[in-house]
Amino acid sequence: MKILTMHAYFSPFRGGETIAYNTFKMLQDAGHEVVYMAADRKPYFEENYEYSKYFIKDITSVKAYLKRPYAYYYNFEAKRNVNKLLDDFQPDLVHIHNVITCFSPAVLECLKNVPTIMTVHDSGIICPASTLMYKNKQMCTNIYCKKGNIINCLLNKCDSGKLEPSIRKTLRAYFITKNLKYIDKYITPSDALKKLILQADIGIKEEDITTINTFIKTEGKAPNYTNESYFLYLGAVTKEKGLIYLLDAFKDMPENIKLHIAGKGRDEEEIKQYAKDNNITNVEFLGFISDEERDKQNKNCIATILPCNWFENCPSVPLEGYIYGKPAIASDIGGIPELVKNNETGFLFEPGNVEQLKKCITEYVNNPQLAVKHGENAYNTAINKYSEKRYFNELIEAYNILLECKK
């Protein structure tokens, strides 16, 4: 097949970029002709990438928004470049990962004559703020914006609790809702997200959504059932990820039990200051780390911790630990329970419940063999359920169903 992959960036910026690129390479290695379209943000996954000549200017910075505010909602350059690439490449199908932020919803109009499938990585098509946080305080379990009632985002200041960004996101959501008709099929990495989309009732039918769990690269990875006495958090350093709760859980931990926090984010300085003000000295902020260091951190931890208090779709962080035989401690929210089986591949705790989180941590500290047992289960789960081969086969099946339907 000739496949056009579209995603925000062609660089190792976040987990979504890694998933999109790994899928792109997997398809290439299987003999398909695949082209990647993205916004121009370096460093690229591949230096001097041939098709980067079609890439569009990145419009996500404040400076770019002030210069071309209309592009946030309707990016003429993106439409022009996508149309040119479609004419030059003539793909059999288009696989979108995340184009809303950088390309604007307008590019979906370009795809009306091409079979198109979208992997929904977050709640962006049902929540204007993309956080699913009501008033930016708690998970929006009622989905107030269901049936396209996106004005609720503005009225409740759901984006950061502020009016201006909530206005922007609400207006952009109008164009998203208007242009979803150009997408033929959807992939959700978790059943939880599929259920939310159907609950939102925005015109997407159940038969048009396929759940395909994410995958973990297994080549060159082997379990390590020893550790260096630390727990590991990997991801954005933001408050909705539950890092304040995580720091509170480590307040009374023995000094020799460490917490490593790897990543960067908008709340980084505030969270570091919180640790300093509360004299939490057994935490180390590593900042952004390379893939090699990421593997090393996973390989030598006791367990990974994912303490988020917002909807997580199908996070790859637990799987990154699993492949090294490390269990996961995670919030019982969103799609996480589909990945982490309580008291089998790790522990689940109530989001924001510091005492439950502390209990999960001390279980592994006081019973190292339990961490090993859960780690063995986790490794077997990664190999048997989240392999690249399984993901590839399910993806090709979804492509074939799309092409058959479009005939």
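Visitor: Let's start in the strands. In strand 8, which residue is the bridge partner of threonine 119?
Guide: In this predicted model, the partner of threonine 119 in strand 8 is isoleucine 187.

Visitor: How many bridges join strand 5 to strand 8, and how do they run?
Guide: Three bridges join strand 5 to strand 8, which covers residues 185-188, and the two strands run parallel.

Visitor: And strand 4, how many bridges join that one to strand 5?
Guide: Three bridges join strand 4, residues 93-98, to strand 5, and this pair runs parallel. Histidine 95 has isoleucine 117 as its bridge partner in strand 5.

Visitor: Which way do the residues of strand 5 point, and are they buried or exposed?
Guide: Strand 5 spans residues 116-119, with Thr116 and Met118 pointing one way and Ile117 and Thr119 the other way. All of these are buried.

Visitor: Switching to helices. At what angle do helix 8 and helix 13 pack?
Guide: Helix 8 (residues 243-250) and helix 13 (residues 354-366) pack at about 60°, and their axes are 9 Å apart. The two helices are therefore oblique to each other, and their crossing is right-handed.

Visitor: Which residues make that contact?
Guide: Tyr245, Leu246, Asp248, Ala249 and Phe250 take part from helix 8, and Val354, Leu357, Lys358 and Ile361 from helix 13.

Visitor: New topic: where is asparagine 213 found?
Guide: Asparagine 213 is in the loop between strand 9 (209-211) and strand 10 (230-234).

Visitor: Why does asparagine 213 count as buried?
Guide: Because its relative accessibility is 17%, and buried means under 20%.

Visitor: What does asparagine 213 touch, leaving out residues up to four places away in sequence?
Guide: Asparagine 213 touches Pro189, Ser190, Glu338, Lys385, Tyr386, Arg390 and Tyr391. With proline 189, a polar atom of the asparagine 213 side chain lies 2.9 Å from the backbone oxygen.

Visitor: One more residue, cysteine 158. Where does that lie?
Guide: Cysteine 158 lies in the loop between helix 5 (151-155) and helix 6 (163-179).

Visitor: Is cysteine 158 buried or exposed?
Guide: Cysteine 158 counts as buried because its relative accessibility is 10%.

Visitor: What is cysteine 158 in contact with, beyond four places in sequence?
Guide: Its contacts are Ala129, Thr131, Met133, Tyr134, Lys135, Asn136, Asn152, Cys153 and Ser166.

Visitor: And how many Å separate the C-alpha atoms of cysteine 158 and proline 128?
Guide: Those C-alpha atoms are separated by 8.5 Å, with cysteine 158 and proline 128 lying 30 residues apart along the chain.

Technical notes
Residues numbered from 1 in each chain as written. Predicted model: local features only at pLDDT ≥ 70, side-chain atom pairs only at ≥ 80, totals over all residues. Heavy atoms only, no water. Buried < 20%, exposed > 50% of the residue type's maximum accessible area, 1.4 Å probe, protein only. Helix = DSSP H or I, 4+ residues; strand = E, 2+ residues; numbered from the N terminus. Pairing = 2+ DSSP bridges. Polar contact = N/O pair within 3.5 Å; in protein donor to acceptor, adjacent residues only side chain to side chain. Contact = heavy atoms within 4.5 Å. Axes fitted to C-alpha atoms, helices over the stretch in contact; angles between N-to-C directions. Parallel < 35°, antiparallel > 145°, perpendicular 65-115°, else oblique. Left-handed = near helix turned anticlockwise from the far one by under 90°.
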